[in-house]
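Here is a note to read alongside the structure, with the viewer open beside you.

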Amino acid sequence: MARLSYWEGEPVSVWTDRWGVPVFEAHDELASTNDRLKEIAGQGAGHFSVVISESQSAGRGRRSTAWHSPAGSGLWMSVLLPASSPSVGYLPLIVGLATARAVEQVASVIEAGIEWPNDVLIGGKKVAGVLCEAVRGSSAGSGEVVVAGIGVNVRTPPGGFAQDIATRAGSLEESLETPVSRGALSGAILGELMRVTEAGGSHRLALPEQVLAALNRRDVFSNQRVRTEQEGPGIARGILETGALLLERDDGSRVGVVAGSVRLE
Ligand code: BTN
């Protein structure tokens, strides 16, 4: 792994100061930015430390999928977030919302969609995904910490997306037909994450009311027929304050979906 001293045309130290983060590492290639951030969290890196890599050789997605991370096409970024036990369940939704809002800010999108729990969609295509992983044995202050891994497809790779994701994936620049700055995008994501965390969003028993409303406004499953891996088919009736997706089964009963995949039927 080669550490970079410049990222997006400016010294790494300039980005570190601009964002006000304790550590920012930029790399040429890593297996996974989440793994590197866990490593430095174990060495005492503080909240909001950031690792970015131009490419990842073993990028991970949720549910043990691979996350394609070619050089020059995306923002592959991990951020160390403070967390409390109850928030670990809903924190991934907060990170998805922060990413959606950041995309809206820098790419002038009116409203990005969120596909539960935290995929960010524009025009029905997935442009970003989030993988949150709890860290054991960190010395970053008191309490628990979570590594939030965020992958944004900024531009479509030459030759298109890999076959397994080609029908579902999209990129910001292709969807919006405008160049997107990775520096501005990462700064906006960090700003959103700091804002919601400082407002206590990662230390509550449930999602704050305004965050929940913002999520439900963007929920692409809302009142749609879906098939869930955990509970089978039904109508999606919104996101609950615990972070679960409310499913109305065909017999009218309602249940919270907390894990597994959900797809439109
Ligand atoms: C998903 O949608 O399945 C989640 C994708 C998360 C990808 C990001 S890229 C940066 C970080 N490092 C990883 O290995 N994964 C996350």
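1. Let us begin with a term. A pocket here is an open set of grid points with protein on both sides within 12 Å along at least five of seven lines, and its volume is the space filled by probe spheres set on those points. Please keep in mind that the model is a predicted one.

2. With that in hand, start with the second largest pocket, which holds about 400 Å³ of space. Its lining is made of 22 residues, and V88, G89, P92, P117 and V258 are the ones nearest its centre. Two elements, α3 (87–107) and β9, each give two or more residues to this lining. Sorted by class, the lining residues of this second pocket are 14 nonpolar, five polar and three charged.

3. Now turn to the largest pocket, with a volume of about 740 Å³. Here 42 residues form the lining, and G61, T65, A66, W67 and K126 lie nearest the centre. At least two lining residues come from each of α2 (33–42), β6 (74–83), β9 (125–135), β10 (144–153) and β15 (262–264). The classes in this lining are 16 nonpolar, 17 polar and nine charged residues.

4. Where does the ligand sit? The ligand is found in the largest pocket. The elements giving two or more residues to the shell around the ligand are α2, β6, β9 and β10. Of these, β9 has the largest share of the shell, with four residues.

5. Which residues are closest to the ligand? There are 19 residues around the ligand, and the closest are S32, Q56, R60, R62 and K126. By class, the shell has five nonpolar, 10 polar and four charged residues.

6. R60 uses its backbone, with an N or O atom 2.7 Å from a nitrogen atom of the ligand. R62 also takes part through a polar backbone atom, which is 2.8 Å from an oxygen atom of the ligand. As for cover, the ligand on its own has 420 Å² of accessible area, and the protein covers 98% of that.

7. Rolling a probe the size of a water molecule over the atoms shows where empty space is left. How many cavities of 30 Å³ or more does a search of the whole structure find? The search finds one, and the volume of the largest cavity is about 40 Å³. I94, L97, A98, R101, E192 and V196 line this cavity. Both α3 and α5 (182–198) give two or more residues to the lining, and α3 gives the most, with four. The cavity lining has four nonpolar, no polar and two charged residues.

8. Finally, here are two backbone details to check. W116 and P117 are joined by a cis peptide bond, with omega at about 5 degrees. P117 belongs to the loop between β7 (113–115) and β8 (119–122), and P117 is also among the residues nearest the centre of the second largest pocket. The other detail is F48, in the loop between α2 and β5 (50–56). F48 is not a glycine, yet its phi is positive, near 75 degrees.

Terms used: Residues numbered from 1 in each chain as written. Predicted model: local features only at pLDDT ≥ 70, side-chain atom pairs only at ≥ 80, totals over all residues. Heavy atoms only, no water. 1 Å grid on protein atoms, 1.4 Å probe; cavity = no way out; pocket = protein on both sides within 12 Å on 5 of 7 lines; lining within 4 Å. Nonpolar A, V, L, I, M, F, W, Y, C, P; charged D, E, K, R; others polar. Near = heavy atom within 4 Å. Polar contact = N/O pair within 3.5 Å; in protein donor to acceptor, adjacent residues only side chain to side chain. Areas by Shrake-Rupley, 256 points an atom, 1.4 Å probe, with all protein chains shown as cover. Sits in = over half its atoms within 2 Å of the grid points.
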